[in-house]
Amino acid sequence: MSSHAATIAAAGHIAPGTAGAADAGRLVLLRDLKLAFRRPGQLIQPLAFFAIVTTLFPLAVSPELSRLRAVAPGVLWVAALLASLLALESLFRDDAYDGTLEQYALSGQPLTWLVFAKTATHWLLTGLPLALLAPLAALSLGAPPQSLGAIVICVGVGTVALSLIGSVGAALTLGIRRSGVLLALLTLPLSLPVLIFGARATELAMRGESFVAPLELLGALAVLGVTLAPLAAAAGVRISLE
Amino acid sequence: MNWRWFHRLGSPPYVYALARRLTPWFGWLSGLSMLAGLYGALLVAPADYQQGEGFRIIYVHAPTAWMSLMVYTTMAAAAAVGLIWRMKVAHAVAASCAPVGASFTFAALATGSLYGAPMWGTWWQWDPRLTSELILLFLYLGYMGLRGSIDDPQRADRASAVLAVVGVVNVPIIHYSVTWWNSLHQAPTVMRFGKPAMPGSMLAPLLIMLLAFTLFFAALLLVRLRAEILNRERTASWIPEVLKS
Amino acid sequence: MSQFLDMGGYALYVWPAYAITFAVVALNVFWARRLLERARAAARRRLGVGGGEGA
């Protein structure tokens, strides 16, 4: 068990209450970031997947930008959704294997908060880079340069919701052999509203129209996710660890 | 308030005996009311002014759609009870609901498609209600998939219970989608506050069919619940007596 | 009678809809009953109890 996990467990005993929790959350976040950067190859994978998937469409549909522009919003979001899903499998897996997750559950710190910290890290490592990569993909699919800033914002907000929704499925399928397809089956139905509103916002932005309404709905989904998903995911983690 | 009935429902042998006694009642009542509803739907109700005889599809589409939502809500409620009070029987109820709900969601989508084809000119439309009903089907399948993937029965119960509760947010979305968004699907005519917007001769068979299918679900649930309880309780002492009769 | 079967021209939609619905109803009846029969048979085998008809 790493020293960080031990510190988190100790923090729970020394200082119960919100002060300890904030430190614990910060420690979890920093630990996850540190561990992730030790394996940069794994970090790149979802991004590479995103890039490859978006490349498939010009090859399969048509190289003409005018035709690609019509499907660009949908392609972007489906690719982002699938890339996010790919990264979700490892959200809890490594910590479950080496016992760290169990320490988190026993630490006396609110598991909901620690799970939220892990999910936030997941977004920082997957969602945020996807949001920054999306403009490049959008350009390759014929998006006008003026819309690129809007695309970053939409994908950024949408991936927050995706990470949160996905954390629930990841928690429930912990330890199941070859859980990839099941995780997708559980996560995709709940992610469809994000897909719908995100694609709509991107489409409006590409046309130069106001995309505020769907963006607000995306934001509402993200906020709803922040309040409810960590609770459900923490419950799922406890159930999976029993 | 006397909670004894609630605690008694936590006892598998009690529930098994109760289910066995009630099943014939629900079975026969649902069969008879389905026949009555069919008679009303096909022979009594007048044809619609705009939709002609095609409107009669509503007498199977509305009940199946109602089933898909009602069964999921029952499943989620039972799952929540199972999670909160750690009641095995509640988890057994939830498990029994899923296949029934999934099959009727499929029927709702199929009959809806058959209804939409002549009326809207399209077999499918990605509008909010149809899309969220499709999501409901995926939720049922995900629930059954998750249950099937976990070997430990207790863990399977509790993990799928969390999933059922999380997914219940889809149910109000389906119901209110036609009022919140501009939808191809018509607004609620029956399940809303205030008077239903349908004449009596058309409404009566619809209500009878809705009742018939609800009773049918109860009968199915009672039969499946008995099977679940037998499989879960394995070698409990009360079982041999029950099997002999 | 043929007018009834024709359903004002909508026969292609109305009858399959009713057929699918009642097929699902029948399927559920058989499925549930089969589950219970199997559960009873398995329980009998497990506990070494003699056979018995009834619900």
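Among contacts in chain A between residues at least 6 apart in sequence, 78% join residues at least 24 apart; two residues are in contact if their C-beta atoms, placed from the backbone, lie within 7 Å.

Me: What kind of model is this, and how are its parts labelled?

Reply: This is a predicted model, in which local features need pLDDT of at least 70 and side-chain atom pairs count only at pLDDT 80 or more, while totals for chains, interfaces and linings use all residues. Residues are numbered from 1 along each chain as its sequence is written, and chains are lettered from A and ligands numbered from 1 in the order in which they are written.

Me: Which scores does the model have, and what does chain C average in pLDDT?

Reply: The scores are ipTM 0.85 and pTM 0.85. pLDDT is the predictor's confidence in each residue, from 0 to 100. Chain C averages 83, and 85% of its residues score at least 70.

Me: How many helices and strands does chain A have?

Reply: Helices (H or I, at least four residues) and strands (E, at least two) are DSSP runs, numbered from the N terminus. Chain A has 10 helices and 0 strands.

Me: Which radius of gyration does chain A have, against that of a compact globule?

Reply: The radius of gyration is taken over C-alpha atoms, and the globule rule is 2.2 Å times the number of residues to the power 0.38. For 242 residues the rule gives a value near 18 Å, and the 19 Å of chain A agrees with it. The C-alpha atoms of chain A fill a box of roughly 60 × 35 × 30 Å along the principal axes.

Me: Which residues touch the most other members of the largest nonpolar core?

Reply: In soluble globular proteins, nonpolar side chains tend to be buried together. A nonpolar core is a set of buried Ala, Val, Leu, Ile, Met, Phe, Trp, Tyr and Cys residues joined through C-beta atoms within 7 Å. A residue is buried if 20 or more other C-beta atoms lie within 10 Å of its own, exposed if 12 or fewer, and partly exposed in between, with C-beta atoms placed from the backbone. The largest core here has 163 residues, and those touching the most other members include Ala80(A), Ala134(A) and Met75(B). Helix α8 (residues 200–233) of chain B gives this core its largest share, 19 residues. Leaving aside neighbours within four places in sequence, the contacts of Ala134(A) include Leu76(A), Ala80(A) and Ile151(A).

Me: Which chains share the most contacts?

Reply: Chains B and C do, of the 2 pairs of chains in contact. Chain B supplies 36 residues and chain C 28. On the chain B side, α4(B) gives the most, with 10 residues. Chains A and C do not touch, and their nearest C-alpha atoms are 24 Å apart.
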